[in-house]
Amino acid sequence: MFDLVGIAFLATVCLILFSLSLYFKSFTKIILVALIFRILLLFINNNIFYLPDGDMDALSFEAFAWQWSQDGFYKVFSHYKGADTYFLSFLIAIPYSLLGRSMMMAQSFSIFLGVINILLVCLIARKLWNNQIAIKAGWLAALFPSVALYSVLVMRETYIAFFLLLAFIHIINFFKNKNLKSLLFVHLSFIGGAFFHHASIYGLVAFLAVLFFILIKLLIKKLYRGKVNLNYLLVIIVFFFIFKFSYLKIPNEYLDLDRTRNKIVNVKMKGGAAYPEWTKLNSNIEYLYKAPVRMIYFVLSPFPWDVKNLRHLPGLFDSLLYVFLTFLIFRNWKNIKNDRALKTILIILLFYFFIFGLGVGNFGTAIRHRVKFVFWMILLAAPLIPKLVLIKEKIIKNIK
């Protein structure tokens, strides 16, 4: 069926991104290749065969959007529930109620934001390091298979990654400039991500915890020198009340380790891609030594011994890329530990891995969820990413 609305939206997205590529001349090739790669995947998914996850949640999100749009524009807002699993469906239902159903239009939004994420990676890497490193980071982000995949489907990952990148930017600005406005934008960025997935808010919890300990450390230093700084003390008191009374308060049910273990952690371990049986938590004491193992499984699985059929091979390739990034981050530790902003970002990333490591029980789901964080990993590893050489210089000289 000819989708005029979808084609019009995709053409508009191409025009905007092409204009951006001309403005950011250092990253022109990266932006255009990222866009072409995603349009190719879009064509395959819509006309040849479904890409991985293309026939599952992606169809559900779009179907809810169409269903909610049926009663017209004003009725769509009755489905607004704030931060909710189907907040994405609510957003897509708005243009659906005005223009009609168009899967390609919904996918165009994902493609647009997906390429914007690549541009943000380039700009952040340039801010942190230099233009050459930014280009290397941009190429890896643009061609990362699972990143490209979820930039095409009607899924939440691209939207969450966008807000996490905004948080990354404002964390850097806060530590570099000591600007309270940046602190506000850090909050807003994590809250924006939480509208699409509740667990995004844990990044803000980790960030504020780091700030709290930094302030405590500074206060102790002042007291040791006989100087009492009431400003630090006041901020620490404010932080205490934020954790105790605000939206950051962890629900009581998550503090019940037995409930979490029996109704969240172990329940998620099902299907052919499930984590090994021995990673289940059989008692609360096992949180101590199995939580780190599950973190590793979340980030780096499937391992070769987990591959049971040909459908798992793309997941194995994806895991090898994460192994590569993890190795580069370890090698870049000297730069990270000497930069308070990067060190804070790494702590937040590890906290996310801890939360998702417990909440995810199979590598199929892990592949989808860790896409949210891959841009942070790329940025932390950026200085050591090898240069992408598509055509060897010697070959070019021989041709000439």
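Me: So helices here are DSSP runs of H or I, at least four residues, numbered from the N terminus. Which ones each supply at least two residues of the lining of the largest cavity?

Reply: α6 (103-128), α8 (145-150) and α9 (157-177) do. This is a predicted model, where local features need pLDDT of at least 70, side-chain atom pairs need 80 or more, and totals for chains, interfaces and linings use all residues. Residues are numbered from 1 along each chain, and side-chain values use heavy atoms, without hydrogens or water.

Me: Which helix gives the most to that lining?

Reply: α9, with 3 residues. The lining includes Glu157, Thr158, Val371 and Phe375.

Me: What lines the second one?

Reply: His79, Tyr80, Lys81, Gly82, Asp84, Tyr86, Phe87 and Phe90.

Me: New topic: how many residues are in the largest nonpolar core?

Reply: That core has 122, and α6 gives the most to it, with 15 residues. Core members are buried (under 20% relative accessible area, 1.4 Å probe, protein chains only) and joined through side-chain atoms within 4.5 Å. Phe207 and Phe375 are among those with the most contacts inside it.

Me: What does Phe207 touch?

Reply: Leaving out residues up to four places away in sequence, its contacts (heavy atoms within 4.5 Å) include Phe174, Phe190 and Ile348.

Key. On a 1 Å grid over the protein atoms alone, a cavity is a set of points where a 1.4 Å probe fits but cannot get out, and a pocket is an open set with protein on both sides within 12 Å along at least five of seven lines; lining residues have an atom within 4 Å of a point. Buried means under 20% relative accessible area, exposed over 50%, partly exposed in between (1.4 Å probe, protein chains only).
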